[in-house]
Structure formats: C-alpha cells, structure tokens
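I opened the model to go through its chain contacts and a few strands. My notes are below, one topic per entry.

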Amino acid sequence: MTITNEPGTQVAVPTELVTVIIDGVAIGVPKGTLVIRAAEMLGIEIPRFCDHPLLEPVAACRACLIEIDGVPKPQPACAQVVSDGMQVHTQYSSDVARLAQEGVMEFLLLNHPLDCPVCDKGGECPLQNQAMSIGRPESRFTEEKRTFDKPINVSAQILLDRERCVSCARCTRFADQIAGDPMLELLERGAQQQVGTADDQPFDSYFSGNTIQICPVGALTSATYRFRARPFDLVSVPTSCEHCASGCALRTDYRRSTVTRRLAWDDPQVNEEWNCDKGRFAFAYLQQGRIEWPLVRENGELRTASWPEALAVAARGLQSAGTDTAVLVGGRSTMEDAYAYSRFARVALGTDNIDFRARANSEEEREFLAAHIAGTPIKVEYADLENAPIVLLACFEPEDESPIVFLRLRKAASNASGKNVTVVSVAAGATRGLAKMNGTLIPAKPGQEAAALANLPQDIQQALAQPGAVIMVGERAASSPGTLSAAVQLSQQTGAALAWVPRRAGERGALDAGAIAGLLPGGRPISDPTARSEVAQIWGIEVSALPQQGLSGLALHDAVDAGRIRGVVVGGVELSDYPHQAAEALGKVDFIVSLENHHSAVTEMADVVLPVGVVTEKSGTFLDWEGRPRPFGQVFRDAMMGSDASVLAMLADSMGHSLPGAVNDLRAQMGRLGPWTGARATMGPTRASTTTDGVRLETWRLLLDLGVMQEGDAHLAATARPTVARMSARTAQAHGIAEAATVHGPAGSITAPVEIDDSMIDSVVWLPMNSDGSRIYRDLGAGYGDGVRLAAGTQAGGLS
Amino acid sequence: MSISESTRDQMREIAGRYPSARSALLPMLHLAQSEEDEITTDGINACADVLGITPAEVTAVATFYTMYKRTKVGKHHIGVCTNTLCGLLGGDAVWDALTEATGAGHNTASADGEFFLERIECQAACTHAPVMTVDWEYMDDVTPSSAVEVIEQLRRGEEVHSTRGPVIRDFEATEHTLAFPDDGLADAPSVDAKMLAGLTIAKERGMSGRDI
Amino acid sequence: MATPLTPVITEFWDRPDLYTLDGYRAVGGYTALDKALKMDPDAIIGQVKDSGLRGRGGAGFPTGMKWGFVPQGDGKPHYLVVNADESEPGACKDIPIMMANPHALVEGVIIASYAIRANHAFIYIRGEVPNAIRKVAFAVRQAKEAGLIGKNILGSGFDLDVVVHSGAGAYICGEETALLDSLEGYRGQPRLKPPFPAVAGLYASPTVINNVETIANVPYIVDRGVEWFRQFGTEKSPGFKVFAVSGHVKRPGIYEAPLGITMRELLDYAGGMRDGSNVKFWIPGGSSVPMLTPEHLDLPLTYEAMAEAGTMLGTGTPMLFDQTTSVVKAVTRWLEFYKHESCGKCTPCREGTYWITGVLEKFEHGHGTEGEMETLVNLCGQIAGRSFCALGDAAATPYPAALKYFRDEFEAATHTSADEQFDPVASYVFAGAGAR
C-alpha cells in the first residue's frame, strides 16, 4: 500500500487486511492475496513455474504445493487465497510440502534434456535454480526420455525447443491474456502436450518476445540471441526504450561492446513487465552502418575530416547563412539533446525556425501543443486508463502506435481484470487491435474526425462526463484539420482528461525542451516577455538576443523551398518521413550540417556530417506520452561518440558561443527553468474539416515496418504484418476489386492484396504508411485523409 | 479438397444451437472430418473463420481429442478395445487378427484405404467384451475370426449390421452423425440379451422395482 | 434371503419401442414431468435431497445438495449439463441406459432443469458412441415435437432447450470442469476450483453437472416418492443401481439391484464365474478404484462399505477377473490408459503416468527390479493428492492395490514376463487363439 504524491495517483484506499501465518510468521495482507505473494512479502520463496503475477493462476505445474493446517491435501500456493488465521507451511516447515515439491521437481526433470551447457537459459534458469534447491541429486528415471525435433520456429523470430518445455503455459497464457494474440497454444495431450501454432499461421504477435522472457526454462529462444552469449558473461544496464513514446523500462545486456539482447524491465507504473518486439529486437541499427568520422563535402563528395576541420567548416558555413537558418530535430532525440538544439538555434544561430516534427504536422497542432501540452505536468497516466469509465481514441491506433498503451487498455477493457473500461475509437474501421480491447468503433472518414467528435452519441458523451474519463489523440490528428480543436472542446465540455500520444520517443521531450518555433523550454511562449526574460537569464544572454517567433511545419518547409533559408542544422531526420517533398526543398539550401549516426538522405546532401552517438553511447531522458521522465544511463561508458548536445556544444564553441553539452549541465538548466506557469499560448481559430469526397486514404505506420531503426533485423522484419489494402466489401465491389487493389495517388500507385473488412466505412482504403510495397508518401504522393483513386489490381507477385 | 460453402453453412447452423458459438467447435470438427476424412488445415481454418477464433485455437482443440485424425482414415474406421478388460478377454488377439487381415496398424490405414485401425480405449461396453467398433458402431463379443469376417464382409460390399445399432455406413457418415445426431437411424435395435440379463432373471423370479 | 433384483430404470427395456415417446409413455413415462411442473421447483430439490440420491458417476455426491448450491434469483442463466462421457474402464451402464431408455434421461433432464431454473440443458455424450447419441437426439426431438421441450412446456410457463452434444474422445472430459471447458469448445482440461460450477460453471454461470444414471433416477423419485425410493438401499446409500457386471463371469450384463447387494449376490445373478474359474480380483466400479479380492465378495455394494474396505463404489460396474489373469498386465494396461488420457495440464499426472507406465512395461516383459517395485509405490505417492484433478489420483490407484494383494506376481515379473506367468490365451473368453 504505497501512498505517492505523484500527479494523477490517487491515495490508495485502505484495504481489508487478513492475517496469515506462514512458517510461523504472521503477516497482514490484503484480502484476496495469494499465499505465494504473501510468502514473497515475508521473503519466503516457494518454487514456481506456471505462476506469474501478471497472469491468471492455473496451478498447473504443482511446484508450489504447500501444506495448510486443516486441509487434507497439499495446495498450490499460487492459486490459494489467504484467509484470516490460515496457517501455512512451506517446504521450510512441512515435510508434506517439501516432499510434494521434491516430487514435482523430479517429475519436471524427467523429460527435460540435460543440455544446460548449451542452453541460452543456463545461468538464469528458474528450472536450473529450483532444481538445485529442491531437486534430487540423482535421477531415479532410467527409462527413455521424450524427444521432439528441435528447434521449431513458432515465428521467424522465436524458436521452440519442445523437449525443454515444462508445460507451464506462461507463453500461451501471455499470448491469450496479455497480448490478445492466441496464436500460440498448447497442442496435443498428456505427455505429448506441446506448445505450438497452427500449421499456416506463425506466432506473429507484436509482443511475442515477452514469451521468451517469462519462459521459466530454455524452451523459447530468439533467433537473434540464440547461442550468442551466456548470461553470466553479459553486463546488464537499465535503459529506456527509444522506439516509441510508450516509455518502456528496458534492460540492455552487452558483451564486448556489443548489445546482445534487450529485455523488458519491471516498471509497474508504465510497462509492467512487458515490452513490444520492436523494443526488444530492433537494436541491430545501434552497431551496424555507423558513421564513425566527421565528413566534409569537397568537390561534391563527402570525405573524412578531422573534428576540428569539420567543426570549423560547419561553423563557417552556418555563420555565413546569418539568421536565415533553421534547425530540424528528429523525433527520437533525448530531451537533453532536444534542449541543446533548442538553445543552439536561438543562441548560436539566432533563429526560432525549429521543429521536431519530422512527420505530417500542422499549425493547428503546433498551437494545440503550445496551449495544452508543452511543459504541462502529467495529466493522464497509465493507471488512469485502468480506472477510467471510458477511453476515447481519435486518430490513434494504440497497437501500432503505442503498444504499451494498447496492452494497458486491453487489460483495462478485459473482463478478467474486472475493470471493464469502455474503449471507443474514432476511425474508419474497427481494427483487430480495437477488437482486442473490446472496443467500439465510431466510424469517421479520415478527415471527418472533428465532426465525429462534435457529434458523439449521447451515451458516449455522458460516459465522458464521468470522473476519470480520458480522451487520447494520436499524432495523426495533425493530418485531420479541426480534430485537435474538437478534442479540446470535447474535453472542456465533458471534463474528460485529454492526452496526446505521439509515436516517437523524443517528441514530448523535444516539445518541452522548446524544439519548436514559438516555444521556449518548459512551454514558454517566445512572445511572452516574462518567458523570454526567464530563459535569457538562464541562458546568460540579453533578452533582445532571443529571436522573435519563427517558422515551423509547412511554413518552414515553404520558406526552405522558396530558398529563403540558407543554412540548416539537421539532427536525426529521415526526409522520407515528411509528407511533402522535403528532399527537393532542402536541395535549395546553401549549407547543411547533419548530425547523424547513419547515412541518410540528409547526409547525402549535407555539407558537413558530424557523427553522434546512439542511445547506448550516451545518457539522456525521454518523456513518455504521459509526460513521465524516462531517464537512462550510458551503456557503453567508453563510447567514442558524443551526444548531439556535446557535438552542438563544440559546434557552438567554434561559432563563438559557449553552450553546455554535458547531460548533467543540461538537466540542471532545464530543472532551473522548470515548467512555465504564466499565461499559456492559446489556439487560433478552429479549422474546418476538409472535404472528404471520393475515396480517402486511411494510413498509419505499423509497429513493424521499414523504419530506419528496425534495419538489420531480418528475423524481426519477417514477423511484420503483410501489406494489404483494407476496405469494405461494398467499396471493393464498387471499384470492381476482387483479389488485389491498386491505389492511385498523385505520385504513383500501390498494388496490394485486398483484405475485406466490413467494419470499414465505404469509400475508404487503408494502406500501411511505410511498409514493404507500401510507402505511401513516396509511392502515392498522398497521405492520411487524402483523396486517392481505387482500381482492381493485378497482383504482380513479390508481395508477401 | 476443401471445406465447401454448404459445409460452412452447416457449421454456422451447429453454432446456432449454443448460447456461445464456440461451444460448437467439437461437432464442427466432426463435420469437417466427415467432409475431408481427416482434420486438415482447411478444416481448421474453416472452423476458425466461422467462430472468429484463430487457427491455433482450433488446432489446440483438434489435437487434444483422439477422434480427430491427422491422416486420412479411409472408408472404415475399425476400433478394437485393448484396454485391460477387453484386451485380456481376447481383444489383443482380435487386434492381432485384424492387423494381419488388413495390413494396417495403430492409427494407420490399410494400403487400399478401406480400413483404418485404432487400438481404442474403453468403449463403455465391458459387458460385451471383447469389443470392436466399425465406424464407431458396436460390434460386441467379437472373436478373431468374427472380427475378420466383418472385415471381409465389408470388403465384399455386403451389408453389415452393428450388434447394437444400425447398418454400417462408413466413417464419414458416422462423423456426420456426430455433428447432426438426429440421423434417422434411431430405429435400429440396440438392446440385447446382456442388457436384459438382470431384467430377464427378475421377470423369471417375479422380482420388481415397484416395491419390496 | 438373497437381495432381489429391482428393475426400475431397466424395467421395460425388453419393450422394443421403449426408446420412442409412445413406448415410453405406454409404461408411464412423462407422468413424473406432469407432476413436477405442478410443483414448486424448490419442492423438487427438497424431494431429491430427501431421497438421498447420490451421484452415480463415481464420486457419490448427494444430488439434491448439488442442486441446492445453485444460487436462485441471481439473474444469471442457469445450466444443466448431463455428463454422458462414460469412459472409465469398466463403466458401461450410462451408454446402455441411453440406448435402451433415452426418454428416462430426457424426462429427468426436463425435471432437473425446471428444479434448478435452467432454460438450457446440454447432454454431453462421448463421441465414440454414435448409437447412444442418435438415440438421445431422437428422444429429444420427439420430446420437442410433443411440447415437452421448448417454450411454455405443458402450459407451465417453463421454457427449456436441450442440446445433444458429441464429444470427441477424451476420458478427462468426464471430470466435470474439464467437461465444461470441452463443452465451451476448448481443450478438455480441468478448471481451478473455486469457483465451483454451481456458482460459475458453463459460460461462467451457475451450472449443475449430473451423471446420466443420476438424472434417469429423477423421474422415478418424483413419480413414486421419497419413501418408495428409500426402501431400497441403505441409509447412506439409498436407492437402486444399474450394476453392469463384466469379466470372466458366465452372464455379463446389466443387473439393476438395490445398493447394498453384495458382489457375491450379483455374481450369482450373473451365473457365477465361467466354468472352472474363480475370482482372482475384482473392482467395484471402474479402474480408478482400488481392486478387491474374493474375501471382499460379501461386502455390501454401498458407498460406505466400499470406502471402509479401502476402495470406492465408483460407477458401480464391477469387473471380475479370474485366475488366468496377469495382474501385472492388467495394471500396466490401465496405466497405459491413464497415460494416454492424462490431459497434460499438471506435472504429476502428465509426467508421473509417463514414468510409471514405462516402469510397468518393464515388469510386464519380466525386466522389473525389486527396487522399482518400491519406486513405483513412491511415484504413485507423488501423484496422489498432488495432481490437479482426480485423474491423477485414479492413475495412482491400481498399482498400490495390486501390489498389496499380488506382490508375488510383481516379484516374479523381475525375471518372468506376464505372458510367461499367465498364458494370455487362457484368459480369452472365446475358445483359445484358434477361435479364428
């Protein structure tokens, strides 16, 4: 019963306590506590395999049998609820319990291969450990062990050694209860019982990797890690996930300066004990294809340069551009790095032309973020999702766009949790993800979300007016004019809390760091004199030296495209992430400095490329969608690469400005600034919805797609969802579409197999935004909500 | 082969019997087997489609129950109870005779696809041991020779009757019955002397359950 | 004086048309239903409680008490599920009841559903007996056509739908919670209790699960009354039982008699052991209950007396084996059965049956060791009381009992195979292997 003062946390209501006596020691525990948990509180460890605190009890493995006074047979501690005055005897005080546990352990080892020396789990194996504590020194079993072909792929990423399996069903229960992907099941019966999949449907769950982590034996292994290392040779560092704004706590394990694996780490407030496969498996990019040395363009070609030379060239080039400059920051920066970019732009370049939104965005969104999100404390947190009467989603597909939000909503909405939170989604169709959250669809054609939010059914409006109700808008709302205004209005009308869920890990931090035009750190409006003076003081400059409101978003793009911007600093941006022709515009810039760790379209046109470190080479902080800081330390302390902030500090130095680059200094500064308490910026006029005649495109990025940070992991990529064009049967029929559809946009077309989904409203086609065979900006020249033309497609093979 | 649309309709019909459609899965799998002579990926996918569950969930169920077969059964399923009582009272010898007569083994079909043999567990007919089943219809009190005679009659296409049940059809027909049990064959005589053993004595001796 | 036979459920089995509605009605069928529908449902529960009827599926739980556990007025749907998954080695009385007198079951289902306020009943019949399934389905259809099942049955305002459900081959589905999972379309693996089915059973709603014979008793109790019922049997084991006698007896078959009849009396009715043979061991009610020897033949076949003798009445379907039988082989075969039928959910049963079977097979081939005789006892102890459900307990039953009475045979099996100890042919009920 912890009582916290963290925002949003409610003080826990005292629960009825009961007293249970375990091995002679009494402890008061909340009514309904399981014996195994009560024993843990006393530090009494009872063996277990099937038990997992986040899964429903099954009492299948019987390893945790204990004796209870007055009960004739030993009982499973994992399923036995305590009662007041219950006298429990574990293996430490009861021969019945000890013998029962020893017997089960002997049975478990019967058919278990003695391959610990070559097993990934060896050294961190609950079976191995518990066999040492409660097992017999020698086996009495001399008959033939059960054998299976090994290993088999349950997915491209996950392998299964059935011989090692102890049928605890943690993996299958995880798949069903937590992920909602019952594609991994117990098959067969009795001694032949085994984990498996359907013949033609692999276990392609976004969360599949968790099964490896909770497997109490070495039955499940990943293609990435299998046979790569021994646990005791690894160094483990707690980290935070850089892949999205869900904010997972991770553990990064490395050996010889190479990351070998990542695990989900336990953070009950955020990711509980889970993470998604992207966070777990997508780390090849950290060590492959890195830019190792500064590069300077000479005679049209990039060549290796020394740091002093590259910095000098960069400084000269930027200085010659004067204040006709801009800074583009990728959405994956740490908050500290974003802060450094924010200060670099305003101080070293003297410009407010800065934007962290390397994606479709809008001025309405900028105003929304400035007015309602930037620098605000946590308003909605994970736990609130479980206690909400209703959670309304708009322009947000949690399973793809914030997978841990998805897991929490699924938990909140499941009957098993007893919470039965209502999930409602404003979208063009009811996705599988929505079904897994027992959600209801409020159909809206892309572009019409604002109208849908303004005209919600009465019962949903009433539910939103109940205390604790939550509205979650995704970053795609920027592509649907009026949606953010409508969400704000709905929130104000009903009192429901409003949360903005960006996709990328760095966006919320970058926003709060002021990496967007018009906003100084902490959500300070650049137009506000008090805000300006606060910042100027901390930054040690004259207020007058701070630039006036600059450009961001499309306006900045237009200025670049018109040749009005002569120097640009780009940090970690993929140009193909912009819906507009960003590469073409950037081509018109005189001088580009790129801070990057991998080659990209930006480095291809950059005049100077300054290599920077990846997350394992620096410490930093992400703010997750809640606004919760997710600090992480440096994994490789001897890393040669500096953070963006430290490189910016050197660059600033070359330009005659002294800016801090050390993470502690940056944090201290941000801390001193704190959040803005003055008058917030306000939103401009409400934007009207676009017209949405004809066929409209619904699209978002699948969790696993062609994202650059997923490069290099073929096993993971093989579990991605195949590209399909989703539409209603009527839409397909109306366009004479049967097997495949061709979607035409201004720039070209995409042909994909059709998936009929009758939850979808007519005249909408869904395509993945950035997947194999469907990169919609490049291939179609169209984005979310744009009009497209549909036709029957002839499938040209190749798409899988 | 694949599951036809009319079979899918029948699956939906079965699902309609239950307050929760998934309850229909066992009879639906019987129906799939009646169409395909085994449980195929196609049959599994059809059940999954109709019920809106994953193929893995159906596979989990299909592999749990012994009546669902993963290889073609062929025309007739022949079961011989080799559990303790039937086995020791002669079922073992019946089994040997049948494997020899058909060339099939446990859970495999004869080369001509006529007979699929299975050592089955207790068939709830211990009073009629040794028990054999043909397409799951009772062939009570068999001997090695009577069992082989049944096989030969079937091979010759002769009409064979269950000792307590209807005329023998084939495996697929029985599987269809398991999905749609009111199959019009309830009239077949199903009570024999052993079932009447006590009643016969009671009648002879004037005993009654009305009053003591 | 010998205990007389008391045909009640079996009284009219010699009528060729008994399985039809007309045939059943001709012998007084469905009069109990008329009576019941005019009674208060609670009064029926009370009557069944007063009758002392105990479950005929093996465990012997008082039926009326089970019905009484169902919360009334809870606003949830209630379900009656008939356990017709008769698969226990030796049990062969429910299937005959369904083939011969299906309407007794159907009438019992309607009355029981009315009593517990269930509007939906399911009869879960093991899939391997299509002839029982079709008979019951036929009876249900006839009852529907006659307005005995459906809306507003006989003007009582009571609605009932009855579904005949085919299983697919899994002994474990006789375990009531495994049966529920199976009936919900899942693998038939037992569920954690609590919650108990009476509170959260089928579709998480209050559910009564009764054996076929139990339900078939109900119409007779309602029709003829508690006093009539209680004149049969004993105080703790009232009523009569459809005994099915099998094995090396002269006239194996169905014998309905009061509980409390002795095995010797039943054996007498069955004509005694076959010529030149005598009882070596016998099992009162399915392979899951410990075996007994000739010295136990005079014990009354009641729940209490069998428990006192260290066994159980079980399904009340005695199997008798004569001196030609190899106990080693018999026990091995039963363990092979339990291994085959173990659902796999819990470790002791899944792994224990695997191990024990392997060791027993060595004994069967004459390769056991003295030490393994004790190891087996120990292994059975590691299963009994520690497995998830009673299947594990059952699997741990045959060997210790067999060792207790026939230790010498296991000792011999350390050097001589079962077939050498006992010529298998001698045990056949037909004339030798040459019966071909």
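**Ground rules.** I am working with a predicted model, where local features need pLDDT of at least 70, side-chain atom pairs count only at pLDDT 80 or more, and totals for chains, interfaces and linings use all residues. Residues are numbered from 1 along each chain as its sequence is written, chains are lettered from A and ligands numbered from 1 in the order in which they are written, and side-chain values use heavy atoms, with hydrogens and water left out.

**Chain C against chain B.** I looked up the contacts first, taking contact as heavy atoms within 4.5 Å. On chain C, 92 residues touch 82 residues of chain B. Next I took the buried area, which is the accessible area (1.4 Å probe) that two parts lose on being put together, summed over both. For chain C and chain B this is about 6900 Å², with 61% from carbon and sulfur atoms.

Then I checked charges. I counted a salt bridge when a side-chain nitrogen of Lys or Arg is within 4 Å of a carboxyl oxygen of Asp or Glu. The rule finds 6 salt bridges between chain C and chain B. One pairs B:K203 with C:D14, with the closest N and O atoms 2.3 Å apart. For polar contacts I used N or O atoms within 3.5 Å; within protein, one must be able to donate a hydrogen and the other to accept it, and residues adjacent in sequence count only if both atoms are side-chain atoms. That gives 36 residue pairs across this interface, both residues at pLDDT 80 or more.

Which helix supplies the largest share of the side of chain C that touches chain B? I found helix 7 (residues 130–145) of chain C, with 8 residues. Helices here are DSSP runs of H or I, at least four residues; strands are E runs, at least two; both are numbered from the N terminus.

**C:T6.** I placed this residue in the segment before helix 1 (21–26) of chain C. Buried or exposed? C:T6 counts as buried because its relative accessibility is 0%; the cut-offs are under 20% for buried, over 50% for exposed and partly exposed in between (1.4 Å probe, protein chains only). Leaving out residues up to four places away in sequence, C:T6 touches B:S208 and B:G209, and also C:F232, C:F240, C:E256, C:A257 and C:P258.

**Chain A against chain B.** Here 13 residues of chain A are in contact with 13 of chain B. The buried area is about 1100 Å², with 54% from carbon and sulfur atoms. A:P182, A:E188 and A:R189 supply 44% of what chain A buries against chain B, more than any other three residues. I count 1 salt bridge between these chains. B:R70 and A:E188 form a salt bridge at 2.9 Å, N to O.

**Strands of chain A.** I counted two strands as paired if DSSP finds at least two bridges between them. Strand 19 (residues 422–427) of chain A has 5 of its 6 residues buried. Strand 18 (residues 390–394) of chain A runs parallel to strand 19, joined by 5 bridges. There A:L392 has A:V424 as bridge partner. Strand 20 (residues 440–443) of chain A is also parallel to strand 19, over 4 bridges. A:V426 stands opposite A:I442.

I ended with a hairpin. Strand 14 (residues 295–298) and strand 15 (residues 301–304) of chain A pair antiparallel over 4 bridges. A:R297 has A:L302 as bridge partner. The hairpin has 2 residues between the strands, and A:N299 takes a positive phi near 55°.
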